[in-house]
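Please read the following report alongside the sequence and the structure shown here.

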Amino acid sequence: MRRVLRRREIVADNWRHLEEDPGAASGTHGVIVPLQELRANFSAWSARPGPLGVRIAPADKVEDLTAELERCALIAVEFPNPSEGRGYTHGRLLRTRRGFAGELRAVGAAVKRDIIFALARCGFDAFEVASGEDLEACAQALQRYTVAYQAGAPGSLNLRRRIYA
Amino acid sequence: MYRYDDIDQTLVAERVNEFRDQTRRYLAGELSEDDFRPLRLRNGLYIQRHAPMLRIAIPYGLLSATQLRKLGDIAHRYDRDYGHFTTRQNLQLNWPTLASVPDILAELATVQMHAIQTSGNCVRNVTADHLAGVAPDELDDPRPYCEIIRQWATLHPEFTYLPRKFKIAVTGSPADRAASEVHDVGLHMRRDAGGAIGFEVLVGGGLGRAPAIGQVIRDFLPLKDLLSYLEAILRVYNRYGRRDNIHKARIKVLVKSLGTAQFRDEVEAEWRAASADAPQLALAEVERVRAFFTPPPYESLADIDVTADREPEFRAWYRYNTRAHRVPGYRAAFVSLKAHGRPPGDMTSAQMAALATLAEEMSFGLIRVAHDQNLLLADVRQQDLYATWLALRREGLATANIGMLTDMIACPGLDFCGLANAGTISVARDIQQRFDNLDYLYDLGEIEIKMSGCMNACGHHHVGHIGILGVEKHGEEWYQITLGGSVNGFTALGEVIGPSVPQRAVPETIERIIEVYRERRDDGERLIDTYRRVGLAPFKERVYASRAQAA
């Protein structure tokens, strides 16, 4: 079973992506469904007994998430390559503007130790790291900086020289 | 100037550790070239033609004597005894080894310097007027706000992977010595009716491919909203800027494609939506930073005539290389990095050390970097100007050509840069040789030549009175000439004069342009004024007619 970094702990992943588990519609484990598929068959997915997550791509607009946000316990945001930066804004907006309190997970080939710290500062609390990447090193990367000039998400956003633990 | 506290110092130290780890992993083969590239670029490290190039940040162009001495020392120990000052007020080292870069960064951290975000698709070094705080025409000193922006932008978690690089310039003077209108964001300081500080906000300026002049999207932004508004601009850009084509990824392309009005509406809507959670600038923090920029302890002096009975060389230097100061009895003195025969912007370790000492003696221990690749001692007592000149002259830093034709801007070009199509240093040298007579230069008056070795326009060629752009043609180095560009309060992009010319023909082409100017100028008219009055045609005709006859 895949392991992920969640809330600073390395844990077995109790979620599966739809592509990994085509029979997920009736299961009781967590399943992460691409936004387009979730939209297309929302009432069916919504009625699923198990936990539901949604995966959004860089070009998706988080403003458009409405009923999905209510129903989903997890949002996965894609970071397919190192130069793709839209997901950072998705994270910030989901946490601060949309008030999403569930698991915010970074997924994709770019999710490696060198971007973990910034992702966490944008509100991500779970990391499904790139294949081959060292999860232990990713966990350590969360401690890489002890200071920052910007306020992080979630929480207070009006302190510029905040020191956070 | 701003001094690091514990937070600032801790941050650069942690950054050094992070980069040391990344470099170690790369050298050990644990990090691929593709993975290392964006990491090193965000730290100003390029792999160039001959060696890595490290770009060191000089925030808004302000250096202490201690810092300049350290830069000279680093250039001596880790490089070939010199550095290159750039149009972004930074310093580039052309020959460090990759393995030594973490040590260089650690050395920089000891004098409160770093190379964070001097490259990469992120917010770059914030630049400002080199006469900030001393110019008589200034509304207020922009540097405290530059420092606040520097801190806010440093390792900003949301805006680390923008579609493309992002450059901000701030000016407190209508003369706009910071070229702010050709930046992604230009901030012009303003006061409202009650006297409170704010900013006019321009967006979408930039050089490089498809150069554009910044458009005003806000007439007056209150100071407390400075960071939240910048966040709104960057968030709109981060979400909607193009990522499919590197040549169309700058914010200027987004502004053009949406139109200025719609872009402004998007920013304003984002800004209003974010008002609940956006960072308002804490005024206590503004005061804390402003306190670092209070004027130095000027003496109470009167203006005096320092040129009487002095030699003509000093009088020329005084006239061309010094500028008025808002405090009586003082002047700002340029340190020319445009000695004929030297690459524009280059400075040796020995010159850096000597200038550091001179700054301690003569100018409160501070040095400025101007975007036109000269340095400046901003606070020299007029009675010390002669001694300052003698000291600068000993070091080869007193060429009295500031603002003249040989005070050229030039990027490092093909000799160093992996992006360049053509050389710049040898062309600059040929032009300097052709126009080596200072009295002739003084007769020609103010002429700005700006040269880039490729379309990326690090040498600002679009806004040179005469712009020179290196292009590659059948494997040879050719040069496209433009006329009529300018910044400094009246921003215009130059017009291409005609087909590009081979390298050997560049000095002659410049000379033909100068000939037309000398024949056509009215009294007191600069080249740029004559060009605006008579247009491109007479220049074009002469340049190409003469080439045809010569052939």
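## Basis of the model

This is a predicted model, in which local features need pLDDT of at least 70 and side-chain atom pairs count only at pLDDT 80 or more, while totals for chains, interfaces and linings use all residues. Residues are numbered from 1 along each chain as its sequence is written, and chains are lettered from A and ligands numbered from 1 in the order in which they are written.

## Domains of chain B

Chain B is assigned domain 1 (6-110), domain 2 (142-290), domain 3 (312-394) and domain 4 (409-550); such bounds come from an automatic or database domain assignment. Taken over C-alpha atoms, the centres of domain 1 and domain 4 of chain B are 33 Å apart. Each of these two domains gives eight residues to their contact, where contact requires C-beta atoms, placed from the backbone, within 7 Å.

## Contact between the chains

Chain A contributes 28 residues and chain B contributes 30. On the side of chain A, α4 (86-97) and α5 (113-121) are the elements that give two or more residues, and α4(A) supplies the largest share, six residues. Helices here are DSSP runs (H or I, at least four residues) and strands likewise (E, at least two), numbered from the N terminus.

## Strand β12 of chain B

Six of the six residues of β12(B) (residues 330-335) are buried, so the strand is largely enclosed by the rest of the structure. Buried means that 20 or more other C-beta atoms, placed from the backbone, lie within 10 Å of the residue's own. Tyr330(B), Ala332(B) and Phe334(B) point one way, and Arg331(B), Ala333(B) and Val335(B) the other.

Ala333(B) is the bridge partner of Thr322(B) and, in β15(B), has Leu377(B) as its partner.

Key: Buried ≥ 20, exposed ≤ 12 C-beta atoms within 10 Å, placed from the backbone. Pairing = 2+ DSSP bridges.
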